[in-house]
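My entries follow in the order I made them.

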Amino acid sequence: MEQSKACGHVGKAAGRTDGPARNGGHDGGPRSAPDGAPGHGPDRAIGGAADGLPGIAAPAAFRMERPAGFLGSRALTGCLFAVYLAFLAWIVLLKGQFSLEVAGTMRSVNLVPLAGATVINGAADYREAVENLLAFLPFGLYLGMLAGHRPLWRGVAVVAAVSLGFEVLQFAYAMGASDVTDLLANTVGGALGLGLYALARRAFRSDGRTLRWCNAVGLACTALVLALTALLVAANA
């Protein structure tokens, strides 16, 4: 008799264990949440806090920066870059003149680095090399602003290609001296501009903030250079 009661209790326990649990049961299985309960639906499980749903704060990694505005626009960067390139071509090819009379006046080639233009009256003079370096520094800066996270060597290659193009045009149209020293100085200047933009990005820790500051500086410098150029043209008219 006692043995049959014990067997009955064991059977009931086994039935409760093996049988299907109701609503997840009391055996530690997952409980189902009512339809429409916040935070438990499959769409919530997949999207999570990063999907920008109302009432849920997105993590810092997904937060958008504030609107760029006028100074943070890459269109402004492109316009400033175009003005700079036009001014650079005017200086390098036309020597600051407003006519093509400079064409056909001079053609020379120097393939020895740090020679030719750096030697004046038998003494070393690196002023022209420094001027070329400074003239191409904004080139690298603007290129970094427009290219973003491109590898540094690609930007340097673009600067070298543009500088080589200027030297070839000077030789083809006899508009000045084609000097390998100028090519090197221009490329170094562009590389310094790219490095300067990389340092600015590291300092500001934000692409948008870096772009706004660089555009502000570029806009001020462009306005200043154009104003000075207009004054010089008016004075010599």
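I began with helix α3, residues 74-92, in this predicted model. I counted 19 residues in α3, reaching 26 Å from the first C-alpha to the last. That is close to the 27 Å expected at 1.5 Å a residue.

I then listed the buried residues of α3: Leu76, Thr77, Leu80, Phe81, Tyr84, Leu88, Trp90 and Val92. What do they pack against? I found α4, α5 (152-172) and α7 (207-236) as the partners of these buried residues.

Next I took up α4, residues 127-147, and its packing with α6, residues 180-204. I noted an angle of about 40° and axes 6 Å apart. I logged the crossing of the two helices as right-handed.

I looked up the residues that make this contact. From α4 they are Glu128, Ala129, Asn132, Leu133, Phe136, Leu137, Gly140, Leu141, Leu143, Gly144 and Met145. From α6 they are Asp182, Ala185, Asn186, Val188, Gly189, Gly190, Leu192, Gly193, Leu194, Leu196 and Tyr197. I sorted the residues of the contact into 13 nonpolar, seven polar and two charged.

Is asparagine 132 buried or exposed? I read 17% relative accessibility, and the cut-off for buried is under 20%, so asparagine 132 counts as buried. Leaving out residues up to four places away in sequence, I found that asparagine 132 touches Asp182, Ala185 and Asn186.

Conventions
Residues are numbered from 1 along each chain as its sequence is written. This is a predicted model: local features need pLDDT of at least 70, side-chain atom pairs count only at pLDDT 80 or more; totals for chains, interfaces and linings use all residues. Side-chain values use heavy atoms; hydrogens and water are left out. Axes are lines fitted to C-alpha atoms, for helices over the stretch in contact, and angles run from 0 to 180 degrees between N-to-C directions. Helices (H or I, at least four residues) and strands (E, at least two) are DSSP runs, numbered from the N terminus. A crossing is left-handed if the near helix is turned anticlockwise from the far one by less than a right angle, and right-handed if clockwise. Contact means heavy atoms within 4.5 Å. Ala, Val, Leu, Ile, Met, Phe, Trp, Tyr, Cys and Pro count as nonpolar, Asp, Glu, Lys and Arg as charged, and the others, Gly among them, as polar. Buried means under 20% relative accessible area, exposed over 50%, partly exposed in between (1.4 Å probe, protein chains only). The expected span of a helix is 1.5 Å times one less than its number of residues.
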